[in-house]
Amino acid sequence: MVVMSGGEALVRSLTGEGVEVVFGVPGIQVYGIVAALRDTPGIRMITTRHEQASTYMADGYARASGKPGVALVVPGVGLYNAASGIATAYARSSPVLVIAGQIPRGAIGKNLGAVHEIANQPGTVQSVTKWRRQASRPREVPDAVFEAFRQMRTGRPRPVLIEMPPEAGVEREEVQLRQPARAPRIVPNREDLREAAAIIARASAPLIFAGGGVARSDAEAALVKLAEATNIPVVTSSGGKGTIPDDHPLSYGSCFSPRGERQEMNQLFEVMQAADVVIGIGARFSLGNPAGEASTLVNINIDDSELSRVQANSVPLHGDARATIEALLPFLIDAGANERPSPAEAVAAARSLIAYYDIRLKEPQFAVLEAMQGAIPEDAFIVWDVTQFGYYARTHYRVNHPKTYIDSGYQFNLGYAFPTALGAKVARPDRAVICMAGDGGFMFNASELSTAVQYGINVVTVLFRNDSYGNVARDLDDAFGGSYGTNLHNPDFVKFAESFGAVGMRADDPLQLETLIPRALEREAPVIIDVPFGEMPIPRAPQFAPFYNLPWTMPQEGLIGS
């Protein structure tokens, strides 16, 4: 044991777990922690301009590096401000440790009006965290950190919370530091693997549906090996995009929808419906198994609550994606699953049909995406905000490197992309990082340009500007008789960037991104590229009409009780 403060115990425990950077905002309840970060070699703090950005950056760091990201905030309003980033990390199963201050120990729960006091602080983020603990004394800190990292490294990775009263950060007592938490990979038992292999081997039209759990498990290479060894083609969810290269001959691509709102997505849905066995790997199947009860779902998931939620006709395999694929493959070979003829010709035909619809529809998004595709390095990380380009990228932007496609998942939270991209760049300074945002979303966290310049976080941001919350304006026009409250007053974004010491560029035409993006990457500085753009239509062919009959456009039968 050694005598140290709680702040020192925390920072020493973090460095023992391999943490090199903490994103956060210093404040009175965390002074002991901030001082320890200052005085401890091998770890640094990146100060953000808002707590919201701290958790977004920690999430971006985690997703680009594969290691937990860490955020530090003051209690109460600081934690509330950080909650949107926590929710996004929860939606994308991202390992983020949030360290929150607390009010003094003796005041907790007494409603005395202490600075930043809120009742039941951990309860405010209970629904978007996997685990929570208060470390009230220095000696409790190492165990709390150990358990936080164990929680993030076992089962489904999601955000966790440690809160510390201010005294715990500065008091000194004997502390026993711990070794890093070990995380063995869970593998299903041999009989379950053998049963699943037999079912897959007998299938006439099997299909792999790969989700974000493949990336969280670092199972991308194992997935490709499984597909190639068995000649089973792959469809990925948006969270699984990049887990198999989009240009792989056994990859149909990403995204499907049972509503068929776009013909190319409907094509993928038809592929899923034709499958008699679907092998789900690290996927939530939030829309249900589109192959339906007629198929068998072999469901590989580290989260046992997801194993039989989708349908009754499931073969649950509770295990880590990579370890389970590696353990399953020998059983598949023994069962003869490697003797199936290659479906590459059918896959190529389906992908050609999707490309045909792209050309036929002649929508502006496709031409711009193609221009960007040729300008951006294949190994670049791209963080897509909630914009029309982000929606189209789910299906149409080709991703051939693992973990390089980053989106907000089902949270769909506008404005998350810029700070998330900064976190990704901190994790991988050797790689290009591009943020794709609209003007509405970018301004949510535009102050983080200060952070980017201060710390040399050289992200290139492509900012599609229509001076409006464009998606909302279009929907209000189409379904409610006119837009309202959607027009925006923006700065001159080139001058805005330059006022922070960043680089500002402007495109006269969106297709100029083909030359502007390489120029921006050469600058080795934070760059904003202002891209004026008008309204972007969504196809409204009659066969797609059911997609628009959604709860936010018209009343739904059964929503109001009698």
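This is a predicted model: local features need pLDDT of at least 70, side-chain atom pairs count only at pLDDT 80 or more; totals for chains, interfaces and linings use all residues.
Strand E15, residues 381-384, and strand E17, residues 433-438, pair in the parallel sense over four bridges. One of the residue pairs to look at is Phe381, whose bridge partner in E17 is Val433.

Which strands stand at the edges?

Asp467 is in the loop that runs between strand E18, 460-465, and helix H18, 470-480. Asp467 is not a glycine, yet its phi is positive, at about 55 degrees. Its relative accessibility is 31%, so Asp467 counts as partly exposed.

Now the other sheet I want to show. Here again six strands form an open sheet with parallel pairing, in the order E3-E2-E4-E5-E7-E6. The edges are strand E3, 44-47, and E6; each of them has a single partner strand, so one side of each is without a neighbour in the sheet. On average, neighbouring strands here are turned by 25 degrees against each other, if direction is ignored. Inside the sheet, strand E4, residues 69-73, pairs with E5 in the parallel sense over five bridges. Leu72 has Ile99 of E5 as its bridge partner.

Helix H2, residues 31-39, packs on this sheet and touches strand E2 (21-24), E3, E4, E5 and E7. Its direction makes about 135 degrees with that of E4. H4 lies across E4, E5 and E7, and runs at about 170 degrees to E5.

H4 also has a helix partner. The axes of helix H3, residues 51-65, and helix H4, residues 77-91, come within 6 Å and cross at roughly 25 degrees. That angle is under 35 degrees, so H3 counts as roughly parallel to H4. The crossing is right-handed. On the H3 side, the contact is made by Glu51, Gln52, Ser54, Thr55, Tyr56, Asp59 and Arg63. From H4 come Gly78, Asn81, Ala82, Ser84, Gly85, Ile86, Thr88 and Ala89. How do the residues of this contact divide? There are four nonpolar, eight polar and three charged.

Next, a residue in E7. Glu163 is found in that strand, which spans residues 160-164. Is Glu163 buried or exposed? Its relative accessible area is 3%, and the cut-off for buried is under 20%, so Glu163 is buried. Leaving aside neighbours within four places in sequence, Glu163 is in contact with Ala100, Gly101, Gln102, Gln121, Pro122, Arg133, Gln134 and Ala135. Glu163 and Ala144 are 19 residues apart in sequence, and their C-alpha atoms are 9.5 Å apart in space.

Last, His116, in the loop between strand E5, 96-101, and strand E6, 131-134. Its phi is near 70 degrees, a positive value in a residue other than glycine. With a relative accessibility of 28%, His116 counts as partly exposed. I will stop there and take questions.

Note on methods:
Residues are numbered from 1 along each chain as its sequence is written. Side-chain values use heavy atoms; hydrogens and water are left out. Axes are lines fitted to C-alpha atoms, for helices over the stretch in contact, and angles run from 0 to 180 degrees between N-to-C directions. Helices (H or I, at least four residues) and strands (E, at least two) are DSSP runs, numbered from the N terminus. Angles under 35 degrees count as roughly parallel, over 145 as roughly antiparallel, 65 to 115 as roughly perpendicular and the rest as oblique. A crossing is left-handed if the near helix is turned anticlockwise from the far one by less than a right angle, and right-handed if clockwise. Contact means heavy atoms within 4.5 Å. Ala, Val, Leu, Ile, Met, Phe, Trp, Tyr, Cys and Pro count as nonpolar, Asp, Glu, Lys and Arg as charged, and the others, Gly among them, as polar. Buried means under 20% relative accessible area, exposed over 50%, partly exposed in between (1.4 Å probe, protein chains only). Two strands pair if DSSP finds at least two bridges between them.
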